[in-house]
Amino acid sequence: MSDVEHAGWAVGGPGSRLRRRRSPLLGLISLLLLVGGAVAATLGIVRLASEAGPAQERILARGAVAALDGPQAATASIVSPVAGPATVWLNLGGLSNVRETIVAGSECELVRPDGSRHRIRGSRQGASIATDHFETIGEVTLGAGRNLVSCRHVPFGRVTRRGRLRQEHAFVVERGSPTDGLGGLWLLFGGAAALVLGVPAGMRWRSGTLERT
Amino acid sequence: MTSPLLPRGSEHARRLDDLLRDPVAGLTRGDYDPPMSRARRLVEGAFKKLDEVSARADAAAVAKLSPAERERYDYWQARTAALNAGGSAAELGDAKLVGKVLHGPAGEVVHGVVKAPKERDVIEDPAAWEEQRRRERAARDEVRAPYLAPDRRLVRITRVATRGKTQLGEIADYLASSGLAGRPDLVYGAYRVPDLISPSSLGSERGGIVEWDVVHAAAEALPRAETPAALTLAAKDVLVVRSPGEPAPLDEDLALHLLDGAGIGPEQTLAIARDVSISRTTAPDDQSGSRIEASVSGVHVLATRPVPAVGAPWDLREGPPEGVVVDVLQWDAIAVAVHPLRQHRAPVPSPFPYLPLTPQELLTAYLEVVGVAPTDAYSAQVTHHQPFDLMGRTSEKWGVRRTGGGPDLPCADGKPRKRMAGGHHIVIAYRDAPAYVEGRARFDAYAEGELHAHLRRGLNLRVAVPRPQNRLLRTIDRVGDVVEFFSGEMGTEDSFVPPRYCWPPR
């Protein structure tokens, strides 16, 4: 003889005047939020992983950052049919603190077809975007026609730690702004928000409401 | 110059003054007292005064003890008196068991008098486990048989599943659909099963599954009845007038007084059930890990007609109404011995097979031994009293207390789920009768003789209402909180639990 007899759910049994009603609309919404959120978050992560950084087909030119106190290095020449934004990426890997010092010690100058100049410095970016092998120096606005981008390392940080600035590093100029490859972030944020809303919606659907029959 | 230890104007004080004023005259007077004798009397008087002062301080300290502390104090006083009267420590039993609920083999293990016996092979297979449980239960039933009331009624416990948010409405509907609402004379009571189901699931219990037990004596199916009236009283409301120092009301006391005032007897009452909720809370700063806390936030009353609850706060006398018994028994003390890990099945073969394995078994035993008739019963519950941490009896993995780890166990809806077994007290409320007085004596003999347990010890019920802090102390506390917040040095969390239904006092 067991101590208790299990009798199922209190509501909905024989003689019960209460029924649990679950809204199909709320169920559908919660399902969409949960599934859509999970898919969007996953896609966002995949897009971020694959699109962040300069894409091969968007690279306009390559060059080299001249070493500190070294000779002039290769200049990037870009012929652009229209004016528009471009991003200068430093091509390097390694430890993040070392990379940040190198980026901060980089300076580029853009000479537009009309002779105007625009100087950007890695240490003056609002925010830097870094991937495994690239990190932004800054964003420039190209003019229509032939543009020249030249970069060099400049003194930054303690003198004893400027060894890496005395080497040349490759850079690339990519069409578009640095945030163009971060579209996945919106998917990730949106997906996470949908999941956050979907969980309570699903729990609310599961609880349902009691109705008198 | 009179000694401050001697009462002004007393004979001793007068003599001491004379002696100090004129030592020669004092020594040559006719009523000459040898100096050593007088000094001895003075010292004796001083010691007597000190004893009186000390006794008054002790009495004041004892008066401040909670009921459980007072009980423990009395046990120790009695033991000391027995030792002083020539009793030997061996006769009086181990000091570790003084004032404890469990004695006997289980008590000796739980309280560290002897080492725990080597674990026998615990049965994991559910079918074999059930078979062994039945065998042990049959043996216990046999031991219990001589104590059973001659005119006892059938006791059945039916368990149903509800959703946390709508549990009261659902249980009222079940009582109606099962027909029990139309036969309150067959219902002992109903209560929320104090177990936490699916402890690792997200969210609160409101959206989760909560089980209820209905304790009744219906042998066959009954026709559908009207839905009973339900009333819930919130513990945070001031419903009972109490002054500091007066005993706080028990949930059942309050409900019983309301029923009594409305002229609703046990034959019209289906249940008085504490509103138990289980929630996850963070531990105070001085403790690590989170807590899964069972607490009482009110009391539900289910009756065949509405229970009026107007005009609060009510000036209610201490305890239940005249002629009604509210009996509270310890369960957790037994559970520690027979069900050490809440999220697992109780180990079987039981290390102490003479003890009941579940609180429902003990509840049934009480009803059958005392012989309570369902028509006299207001309430039969396995429940909680003070905030109770379910994590205090769980398994650990790498030093972290676990909520899971146990098997999926059957629930009322037939679906197996993880569960953490709760339950601290067993509460039975009923209209008293001479036969029940004998029945309670039989139950005490059974509990103490067969279970080796004193189930009414250390209950700490109806604790004196404390005096609230005055405005100055509250202000100091608030300033302290602000300082702690900005300094980042958070102190320990305030663990004060106000008494239910009467806080703040008048």
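In the predicted model, A:E5 stands opposite B:T158, a residue of strand β1 of chain B. A second pairing across the two chains involves A:W9, whose bridge partner in β1(B) is B:A161. Altogether, three bridges join β1(A) to β1(B), the latter spanning residues 156-163, and the two strands run parallel.

β1(B) and β4(B), the strand formed by residues 209-216, are linked by eight bridges in the antiparallel sense. B:A161 takes part in this pairing as well, standing opposite B:E211 in β4(B). β1(B) is mostly covered, with six of its eight residues buried.

The contact between the chains extends over 20 residues of chain A and 32 residues of chain B. On the side of chain A that touches chain B, the elements giving two or more residues are β1 (5-9) and α3 (183-207). Of the elements of chain A, β1(A) gives the most to this side, with five residues. By class, the side of chain A that touches chain B comprises 10 nonpolar, six polar and four charged residues.

Chain A is assigned two domains: domain 1 consists of residues 18-48 together with 185-212, and domain 2 of residues 61-181. The centres of these two domains of chain A, taken over C-alpha atoms, are separated by 44 Å.

Elsewhere in chain B, B:S297 was examined in its surroundings. B:S297 lies in strand β7 of chain B, which covers residues 290-303. When residues up to four places away in sequence are left out, B:S297 touches B:A234, B:A235, B:D275 and B:S277. B:S297 is classed as partly exposed because 14 other C-beta atoms lie within 10 Å, a count between the limit for exposed residues, 12 or fewer, and that for buried residues, 20 or more. The C-alpha atoms of B:S297 and B:R500 are separated by 8.1 Å, although these residues are 203 residues apart along the chain.

With regard to confidence, the predictor assigns the complex an ipTM of 0.82 and a pTM of 0.77. For chain B, the average pLDDT is 89, and 90% of the residues score at least 70.

How values were computed:
Residues numbered from 1 in each chain as written. Chains lettered and ligands numbered in written order. Predicted model: local features only at pLDDT ≥ 70, side-chain atom pairs only at ≥ 80, totals over all residues. Contact = placed C-beta atoms within 7 Å. Helix = DSSP H or I, 4+ residues; strand = E, 2+ residues; numbered from the N terminus. Nonpolar A, V, L, I, M, F, W, Y, C, P; charged D, E, K, R; others polar. Pairing = 2+ DSSP bridges. pLDDT = per-residue confidence, 0-100. Domains from an automatic or database assignment.
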